[in-house]
Amino acid sequence: MCTLEKTGNIFYLTLTGNDEHRLNPTLIATLRSSLSQVKSQAVKGSVLITKAEGKFFSNGFDLKYAQASDSPEAAKNRLLNMVDLFKPVVTDLMSLPIPTIAAITGHAAAAGLMLAMSHDYVTMRSDKGVVYMSELDIGMTLPDYFMALIRCKVGSGGARRNLVLKAAKIRAEEAMAMGLVDMACPTAEAAVEAAVGMAEEFGKKRWDGKAYAEIRKSLVPELCVILGLKPTAVMPSRL
């Protein structure tokens with residue numbers, strides 16, 4: 001599952017345990033609850049860091065949960081339901097009124113990579129672990145909001161092609177060159193430390209949360225249309 005802790009102005013959302021942190025309805029609901037708490041408790045200077053225990057950051061949707069249903073049709077419906085349930089998690093992160101950082105401390109695949117990329121910044125360990133869009137290998141198309149997120153966050157057409165049409169397993173240095181992550185760090189601990197360093201610097205800025213969220217949304221207009229997020233003008237209280 002996951003835990004939410006707060007130290008100073010930094011919220012730590014941690015996927016706990018040594019499993020693959022597969023995104024099933026229970027974990028998705030817990031993530032949304034945690035993000036709701038962050039939003040309600042955030043103040044100027046707050047920052048969110050999302051990280052994970054074990055060798056995986058997240059290995060995507062819980063296919064075993066889907067396959068445990070009574071029929072192939074029911075399994076497909078379970079998978080489609082997880083696609084629908086995860087979409088509001090992306091919406092929540094796009095709307096959060098504070099800077100967000102994902103520390104990829106292990107493998108991040110498919111929806112697990114989308115979880116990381118829904119943050120403003122991403123650090124990643126370089127000694128172990130890959131990022132990977134597995135949909136082509138398992139024979140399914142990507143949800144529209146996945147592709148919108150990729151188009152908005154990955155600037156190079158070649159990088160997008162390698163990610164989704166080669167199903168490449170990408171290490172940290174290459175992921176940084178492609179624009180998937182912002183910093184390659186030697187270990188999982190270093191990836192978290194780098195995220196904390198960034199968070200501390202952002203926290204000093206004490207930006208207006210509403211303005212921050214609206215400017216973030218303006219960077220990903222295609223994604224916001226699909227998520228149903230409409231822009232709102234924010235003006236300073238004093239000029």
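Student: Which residues form one aromatic cluster with F61?

Tutor: This is a predicted model, and in it the cluster consists of F61, F86, Y145 and F146.

Student: How is a pair of aromatic rings described?

Tutor: Two values are used: the distance of the centres and the angle of the planes. Here F61 and F86 lie 5.9 Å apart, centre to centre, with 85° between the planes, and the pair is edge-to-face. A search of the whole structure finds eight aromatic pairs.

Student: Where in the chain do F61 and F86 sit?

Tutor: F61 is in the loop between β4 (56-58) and α2 (63-67), while F86 belongs to helix α3. They are 25 residues apart, and the pair links distant parts of the chain. F61 and F86 are both buried.

Student: Why is the pair of Y145 and F146 edge-to-face?

Tutor: Planes over 60 degrees apart count as edge-to-face. The ring planes of Y145 and F146 stand at 90°, with centres 5.0 Å apart, so this pair is edge-to-face. Y145 and F146 are both buried.

Student: Now the strands. How do strands of a sheet pair?

Tutor: They pair through backbone hydrogen bonds, either parallel or antiparallel. In this structure six strands form an open sheet, in the order β1-β2-β3-β5-β7-β9, and the pairing is mixed.

Student: Which are the edge strands?

Tutor: They are β1 (2-7) and β9 (183-185), each of which pairs on one side only. Between neighbouring strands of this sheet the turn is 20° on average, direction ignored.

Student: Which strands does β5 pair with, and over how many bridges?

Tutor: With β3 (residues 47-52), β5 pairs in the parallel sense over three bridges; L48 stands opposite T100 in β5. Four bridges join β5 to β7 (residues 121-125), again in parallel. There, I101 has Y121 as its bridge partner.

Student: And how is β7 joined to β9?

Tutor: Three bridges join them, and the two strands run parallel. T123 has M183 in β9 as its bridge partner.

Student: How are side chains arranged along a strand?

Tutor: In a regular strand they alternate between the two faces of the sheet. In β5, T100, A102 and I104 point one way, and I101 and A103 point the other way.

Student: Why is β5 described as largely enclosed by the rest of the structure?

Tutor: A residue counts as buried when its relative accessible area is under 20%. Five of the five residues of β5 (residues 100-104) are buried, so the strand is largely enclosed by the rest of the structure.

Student: How many cavities of 30 Å³ or more are there?

Tutor: The count comes to two. By type, the lining of the largest cavity divides into eight nonpolar, four polar and two charged residues.

Student: What lines the second largest cavity?

Tutor: Its lining residues are L13, L31, L35, T50, V89, L93, L115 and H119. The space in the second largest cavity is about 40 Å³. At least two lining residues come from each of α1 (25-41) and α3 (72-95). Six of the residues lining the second largest cavity are nonpolar, two are polar and none is charged.

Terms used: Residues numbered from 1 in each chain as written. Predicted model: local features only at pLDDT ≥ 70, side-chain atom pairs only at ≥ 80, totals over all residues. Heavy atoms only, no water. Buried < 20%, exposed > 50% of the residue type's maximum accessible area, 1.4 Å probe, protein only. Pairing = 2+ DSSP bridges. 1 Å grid on protein atoms, 1.4 Å probe; cavity = no way out; pocket = protein on both sides within 12 Å on 5 of 7 lines; lining within 4 Å. Points joined across faces, edges and corners; volume = space filled by probe spheres on them. Nonpolar A, V, L, I, M, F, W, Y, C, P; charged D, E, K, R; others polar. Axes fitted to C-alpha atoms, helices over the stretch in contact; angles between N-to-C directions. Phe/Tyr/Trp six-rings, centres within 6.5 Å; stacked < 30°, edge-to-face > 60°.
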